[in-house]
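User: I would like to learn how to read a few features of a protein model. Please take them one at a time, with the general idea before the case.

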Amino acid sequence: MVLLCGPPAHSGELSYAWIFNEYPSYQDNRRFVSQETGNLYIAKVEASDVGNYTCVVTNTVTNHKVLGPPTPLVLRNDGVMGEYEPKIEVQFPDTVPTAKGATARLECFALGNPVPTITWRRADGKPIARKARRPTSSGVLEIPNFQQEDAGVYECVAENSRGKNVARGQLTFYAQPNWIQKISDAHVAIEENVFWGCRASGRPRPTYRWLRNGDPLFTRDRIHIEQGTLNLTAANLSDAGMYQCVAENRHGVIFSSAELSVVAAGPDFSRTLLKRVTLVRVGGEAVIECKPEAAPKPTYTWKKGRDVLRDSERITISEDGSLRIVNVTKADAGSYTCVATNHFGTASSTGNLAVKDPTRVTVPPASMDVTVGESIVLTCQVTHDPSLDIVFTWWFNGRLVDFDRDGDHFERVGGPPLYQQDSAGDLMIRNIQLRHAGKYVCVVRTSVDQLSAAARLIVRGPPGPPEAVTIDEITDTTAQLSWRPGPDNHSPVTVYAIQARTPFSVGWQAVSTVPEVIDGKTFTATVAGLNPWVEYEFRAVAANAIGMGEPSQPSEKRRTEEALPEVTPANVSGGGGSKSELVITWETVPEELQNGRGFGYVVAFRPYGTGTWMLTVLASADACRYVFRNESVRPFAPFEVRVGTYNSKGEGPFSPVTVVYSAEEEPTKPPANLFARSLSATDIEVFWAAPAEKNRGRIQGYEVKYWRHEDKEENARKIRTFGNQTSTTITSLQGSALYHVAVKAYNTAGAGPSSAAVNVTTRKPPPSQPPGNIIWNSSDSKIVLNWDRVKALENESEVKGYKVLYRWSRHGGTSVIETNGTSVELALPLDEDCIVEVKPFSDGGDGSASEQIRIPKRTSAYARGAGPSTSNACALSALSTIMLSLTARSSL
């Protein structure tokens, strides 16, 4: 079924759509709207297609829409539609020209029953470009950005079960002309030749024509035109104007324009005067340019002073007017004039030629042979014309030496000139390294000449790293190595050393080799003394008379072969444990000494003095303890023990026999004669005796338990003694408190029974009030210190005396004097302060101390002071002088 859409009169492109029963009609494999004709095509009509259809036409420029009259579609009932092969109703033209870069669009749709499928292909068998698209249905093929390779014959294939039909057409490629080369404005002197060339791309290939001031140009007389070129000989003033090159094909035309200006004028030097002074060295070549503005080109004459110059062996006047003088001498110096002449006039310009003495290198740099770390100077001294400035530069291996960047090693130096015309540009190289070897060039430049002098620097240093270290063969304890020599850095290699590294070593380690000393001409060696079943890598280091070089890159990693274990476990011992146990311990064998896979331990033991060994195998390389449990094991019985090793290759040696005791029983008897006494308000001392009867177990020490009467025994604190110690002091207790104390013995099996508890009461606390009203007096070299007596409270211990603590300001040790009174006399040095504090002591311990006072060093015959309540800081420094009424004791 085809529904026609007759578009109204229009200008510009149109697009088409259809409305079905007031709703937009969609396109699928059964419906198709052609954007070429506007018609709606229904491949196979169904009952759902019945209704009114309206064509909608849209102007793509103005976006104005026009609706056509409704077209009813009624389904006939007078027959049944049979199946038939596809009939192509929408077909693209036989030839579709497409511009370069445009989008090619082909339409193809067929009626048929069943509904045909539409596919696309190229007739030449090539695949359709991947950029091709089918925007709304398979009935449209679009190829964007059309190029030459997209041109060809395309086929639309409509197919159903009744057959197929093919429509074909050719996409052709064309391109409008596009400039590749344009012409540009030309400014020429009269009688000069003019050449212009233009070139354009396009398909078909463009043709060219020329215009002058809008009029066509043809080949004649002085004008020659060939394709895109124009030759104009001997231009005159009438040739001036606007010229155009036109490139065109049937798809378009393009223009390129340029203006030709023809000038006629006499010579003019106003903007191109001769160089005021031209410098040249003796023996050199001088060129003085003469370039006046002139049209046509002038003829040239040169004068030196008033003398006209003519071409000779040394003097040449070029066509462009330049004067060239070779092998210059001092006599060539002077004033030179260029005279230019043409049909329109004559002009001249004058300049001077100055001849300078040549620069010569008097002391060139000398080639040297040096050692790494040395410093040298490469000389570069010259003579030159004293009127000229001179510049020295240095080049190293073709690169300019940058003294700012490379200042760590390179420095420009130069001594004072011997004569006015002498100069020096020496190069100092400090701390020479291997990379500084090569060619050094001193370049000397003046305004008239440039010369250079070169030297080579050979740097000798430690050898470079050997190359390609290879493990050729490996056994359980040896490795055969080979390598290639590295650079010797101009000093022959004298010896090689081999180093090895394993996962267990700390960095690289030196190894033993065969031969023991590897000379510089030997490139193989056997490494000996390796551990079996360990992964090794090796490297080589070369040395020469200058020193040891850098090591080579590591070899590949290789594991040595397996072997029987050789190392026995260390520190075999044991003991302890629970009842009826024998505990055996040892240190594990390090992995690098296990010599193979499947490493484990064999534990052998027997009662001391018997002949038969009991054996057990522990299949773990990490095992370090074995416990044998048996009710027949007596407490603290001696056993002979040894531990061996094995791996997948077999058994290794056993350790030496050692004696280990089985587990012991805890002590069975309590300590005897327990006694406790109070030392102070915070300390008590406890005494006891070892158990009177013999225990079945050893005694390793004693555990002392103590608790206040008000507390529960299970919350008691404990302290332990070790060995045979049968007394201890308990500190940090509460004053005037009743404590209970009990003691029990212990060993590795545990603690024994406790003794009966004893009671002890700590003494009253010491006085809490510090001494007050401390006053000191000094005369001559003595200090007398006085304070008020301290009275203890009812719940405090009575004061038994006082302690005076003092130290010198420049010494850290503290001295103590005890006294029953409330004063003390001290000797006072002349040059030190003293810091003093006083505190009471009692049976309950030391009481609270006074605040520190500072007694200053003596500055007059008599001084007096008081404690911290005064503003004077008091410092005491003295030797102890004890009065008869005092009991003196010093402690540092």
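User: Leaving aside its neighbours within four places in sequence, which residues is A247 in contact with?

Analyst: This is a predicted model. Beyond its neighbours within four places in sequence, A247 is in contact with P177, W179, A200, P206, T207, Y208, G252, V253 and I254. A247 is found in strand β24.

User: Does A247 count as buried or exposed, and why?

Analyst: The cut-off for buried is under 20% relative accessible area. A247 has 0% relative accessibility, so A247 counts as buried.

User: How do I read a nonpolar core, and which members of the largest one touch the most other members?

Analyst: In soluble globular proteins, nonpolar side chains tend to be buried together. Here the largest nonpolar core has 24 residues, and W196, W210, L230, L232 and L260 touch the most other members. Elements giving two or more residues to this core include β18 (194–197), β20 (207–212) and β23 (229–232). With 4 residues, β25 gives the most.

User: What does L230 touch, not counting residues up to four places away in sequence?

Analyst: L230 touches V194, F195, W196, W210, L217, H224, I225 and Y243, with residues up to four places away in sequence not counted. Another core, of 22 residues, lies apart from the largest one; F92, V96, A132 and A158 are among its members.

User: How do I read salt bridges, and how many does the structure hold?

Analyst: Side chains of opposite charge can pair when their charged atoms come close. The structure holds 37 salt bridges. In one of them, R30 pairs with E46, with the closest N and O atoms 3.8 Å apart. R30 lies in the loop between β3 (23–24) and β4 (31–33), and E46 in the loop between β5 (40–42) and β6 (51–59), so the pair ties together parts that are 16 residues apart in sequence. R30 counts as buried because its relative accessibility is 8%, whereas E46, at 32%, counts as partly exposed. R30, R31, E46 and D49 are linked in a network of salt bridges.

User: Which distant parts of the chain does the pair of R324 and E285 link?

Analyst: R324 and E285 form a salt bridge, their closest N and O atoms being 2.7 Å apart. R324 is in strand β33 (residues 323–325) and E285 in the loop between β27 (277–281) and β28 (286–288), 39 residues apart. R324 counts as partly exposed at 33% relative accessibility, and E285 counts as partly exposed at 46%.

Methods
Residues numbered from 1 in each chain as written. Predicted model: local features only at pLDDT ≥ 70, side-chain atom pairs only at ≥ 80, totals over all residues. Heavy atoms only, no water. Core = buried A, V, L, I, M, F, W, Y, C linked by side-chain atoms within 4.5 Å. Buried < 20%, exposed > 50% of the residue type's maximum accessible area, 1.4 Å probe, protein only. Contact = heavy atoms within 4.5 Å. Salt bridge = Lys/Arg side-chain N within 4 Å of Asp/Glu carboxyl O.
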